[in-house]
Amino acid sequence: MEIRIISDPDEKQRVARAVLEALPDWFAVESSRERYIRASRGMTLIAALEGSRPIGFLCLKETGRDTAEISVMGVLREHHRKGVGRRLVERAKEAAAGQGYSFLQVKTVQMGTYDEYDDTNRFYRSLGFREFEVFPLLWDENNPCQVYVMALK
């Protein structure tokens, strides 16, 4: 497995599409999925590849002068719990620090809301992210937004 930053905007979209379309449990809403795919063109995209086949990726975007956010992340289900996500986040931390950011943040659905998102929360916590704030209505009343953050320096 290779972890690398993809520079070509068309390749970014190819990687994002291949992974997100294979994860309907998390990215079933087509309009939302397509927004992530389109937006990937202008973000830092880090891919996990087996040969030329994408098995995971994440995108970083600036949310403030000192903060980058993991805007979207996906790892093919058959590669869960094999270190792919951890390696993607480690590379994202390096990339964000190299771009001058002091903090990395990520948003997900608050722990205890849905079982399928509780694993996501535990994953980010295991990497050293800390609970920053919950926005109960940022997305909608059924999906309270948990913001996690980590210092990079």
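L138 sits in strand 6 (residues 130–140), where strands are DSSP runs of E with at least two residues, helices are runs of H or I with at least four, and both are numbered from the N terminus. The model is predicted, so local features need pLDDT of at least 70 and side-chain atom pairs count only at pLDDT 80 or more, while totals for chains, interfaces and linings use all residues. Residues are numbered from 1 along each chain as its sequence is written, and side-chain values use heavy atoms, with hydrogens and water left out.

**Surface patch**
- L138 is partly exposed, at 46% relative accessibility; buried means under 20% relative accessible area, exposed over 50%, and partly exposed in between (1.4 Å probe, protein chains only).
- Together with F135 and W139, L138 forms a nonpolar surface patch with about 290 Å² of accessible area.
- Patches are made of residues with over 30% relative accessible area and no salt bridge, with nonpolar side chains (Val, Leu, Ile, Met, Phe, Trp, Tyr) joined within 5 Å and like charges within 9 Å.
- A salt bridge is a side-chain nitrogen of Lys or Arg within 4 Å of a carboxyl oxygen of Asp or Glu.
- Accessible areas come from the Shrake-Rupley method with a 1.4 Å probe, and for residues only the protein chains shown count as cover.

**Y101**
- Y101 is in the loop between helix 3 (84–98) and strand 5 (103–109), and is buried at 9% relative accessibility.
- Beyond its neighbours within four places in sequence, Y101 has contacts (heavy atoms within 4.5 Å) that include E62, G64, T67, A96 and L152.
- The C-alpha atoms of Y101 and T67 are 5.4 Å apart, although 34 residues separate the two in sequence.

**E34**
- E34 belongs to helix 2 (residues 30–39) and is buried at 17% relative accessibility.
- Apart from neighbours within four places in sequence, E34 is in contact with R17 and E21.
- The side chains of E34 and R17 are joined by a polar contact of 2.7 Å.

**Cysteines**
- The count of disulfides (pairs of cysteine sulfur atoms within 2.5 Å) is 0.
- C59 is buried at 0% relative accessibility, and C145 is buried with a relative accessible area of 0%.

Key
Polar contact = N/O pair within 3.5 Å; in protein donor to acceptor, adjacent residues only side chain to side chain.
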